[in-house]
Amino acid sequence: MVWKREMAKSLLKTSSLSGRTKLLHQTGLSLYSTSHGFYEEEVKKTLQQFPGGSIDLQKEDNGIGILTLNNPSKMNAFSGVMMLQLLEKVIELENWTEGKGLIVRGAKNTFSSGSDLNAVKSLGTPEDGMAVCMFMQNTLTRFMRLPLISVALVQGWALGGGAEFTTACDFRLMTPESKIRFVHKEMGIIPSWGGTTRLVEIIGSRQALKVLSGALKLDSKNALNIGMVEEVLQSSDETKSLEEAQEWLKQFIQGPPEVIRALKKSVCSGRELYLEEALQNERDLLGTVWGGPANLEAIAKKGKFNK
C-alpha cells in the first residue's frame, strides 16, 4: 500500500509539472482566466476610461529593445491606457524573434511613480482592485517570461507599482541619485502586481519584509548592498545612462538570438515552479485590504504618497 501511495504522489507531481512547463513555454498564456473570475475584456473596457501617457517601444538592429514609460507630467505614473499598451507591447515582444535584450526606462529622467491616482480613486472596491491586480499580474508575468534578458534602468524615482515593475526585469541598474521605494503600506494596501513574490526571490524574505514593512527609501548604495541592483552607473544624465545600460547589457546578449532566448527560457523554467500559487495568494490578500478603511483614509488624507 505504501508504494502505491508513493506512486500516486509521483504521478500527481509529474502531471502538475508538465502543466507548468506547458504554461511557461507557450506564449500568450496567462495566470488568470474566467475560471478565476477574471474577465479580461471587461477589465480592458474599464482601464480604457483612464487615458494619459503612453508605452513606447523601440527595437534596435542589435537585438536590444528599449521600452519607455512615457507620462512625464505625472512622473510616468501608469494610466489605465498605459496598462493596456504595456500588454500590447509585451505581445509584440513575444513575437520579436530577433530580440535578445530589453531595457525598461522612464521618460524625462525618472522611472515611474506607480499607478495614476485618478484610476486608483475610481477603482475603489476590492473587486476593482483584484481585477486590476489580475490584469497586471498577467501582463508582468508574461513580461518576465519573455525570452529576452531584461534590465530596468532606474533613474529618479521608482515608486509603488514602478518599484514592482523593476522586479519583473531580470536585472536592475540605478543611476547615482535614483531611489526605489515600495510605498504600498502608506497607501493602506500591499503590492499587487506580483512585486512581493518577485522581491522575495531577489533579496530574500527577511530583507523583503524590511523593505516593504518599513516602506524604505532605497538609494543606489543601499540597493546595491542588499542585492536589489546589479550596479550603480556612473552618470545620471538621461542619454549617457542609457548608453551605459546598453553597454552593460551587451555582455549578456552576445551570440545568436536562438541561444540567448533558449537560455532565458531555461532559467524561467528553473525559477518558476509553484510561482502561480504565491501570486494567487497575493491576489487574495489584496482583496482583504483594497478599498478598506486604511486604504480609503490614506487616499483621502495624502492624495498621493510623500517621497
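Predicted model: local features only at pLDDT ≥ 70, side-chain atom pairs only at ≥ 80, totals over all residues.

Student: How many helices and strands does the chain have, and what share of its residues counts as buried?

Tutor: The chain has 13 helices and nine strands. Of its 307 residues, 50% count as buried.

Student: Why is Glu-94 called buried?

Tutor: The relative accessibility of Glu-94 is 12%. Buried means under 20%, therefore Glu-94 falls within that class. The residue lies in helix H3, which spans residues 80-94. Arg-142 is buried as well.

Student: What makes the pair of Glu-94 and Arg-142 a salt bridge?

Tutor: Between these side chains the N to O distance is 2.8 Å. The rule asks for a side-chain nitrogen of Lys or Arg within 4 Å of a carboxyl oxygen of Asp or Glu, so the pair qualifies. The pair links distant parts of the chain, with Glu-94 in helix H3 and Arg-142 in helix H5 (residues 126-144), 48 residues apart.

Student: Why are Lys-59 and Glu-92 called partly exposed?

Tutor: The relative accessible area is 36% for Lys-59 and 32% for Glu-92.

Student: What makes Asp-116 and Lys-74 a salt bridge, and is each buried or partly exposed?

Tutor: Their closest N and O atoms are 3.1 Å apart. The limit is 4 Å, so the pair is a salt bridge. Asp-116 lies in the loop between strand S3 (101-106) and helix H4 (117-122), and Lys-74 in the loop between strand S2 (64-70) and H3, 42 residues apart. With a relative accessible area of 7%, Asp-116 is buried, whereas Lys-74, at 35%, is partly exposed.

Student: In what order do the strands of the open sheet stand?

Tutor: Six strands form this sheet in the order S1-S2-S3-S4-S6-S9, with mixed pairing. S1 and strand S9 (231-232) stand at the edges because each has a single partner strand, which leaves one side of each without a neighbour in the sheet.

Student: How do you know that S1 and S2 are paired?

Tutor: Six bridges join S1 to S2. Pairing requires at least two bridges, so these strands count as a pair. They run antiparallel. Within the pair, Leu-57 stands opposite Leu-67 in S2, and the bridge partner of Ile-55 in S2 is Leu-69. The hairpin of S1 and S2 has four residues between the strands, and Gly-63 there takes a positive phi near 90 degrees.

Student: Which residues have the most contacts inside the largest nonpolar core?

Tutor: That core has 54 residues, and those with the most contacts inside it are Phe-143, Phe-165 and Ile-180. Leaving aside neighbours within four places in sequence, Ile-180 is in contact with residues including Val-154, Ala-158, Leu-216 and Met-228. Apart from this core lies another, of 14 residues, among them Leu-173, Ala-245, Trp-248 and Leu-249.

Student: Why is Ala-298 called buried, and where does it lie?

Tutor: Ala-298 has a relative accessible area of 7%. The cut-off for buried is under 20%, so the term applies to Ala-298. Its place is in helix H13 (residues 293-302). The C-alpha atoms of Ala-298 and Lys-185 are separated by 9.6 Å, while the two residues stand 113 residues apart along the chain.

Student: What share of the contacts joins residues at least 24 apart?

Tutor: Among contacts between residues at least 6 apart in sequence, the share is 78%.

Note on methods. Residues numbered from 1 in each chain as written. Heavy atoms only, no water. Core = buried A, V, L, I, M, F, W, Y, C linked by side-chain atoms within 4.5 Å. Buried < 20%, exposed > 50% of the residue type's maximum accessible area, 1.4 Å probe, protein only. Contact = heavy atoms within 4.5 Å.
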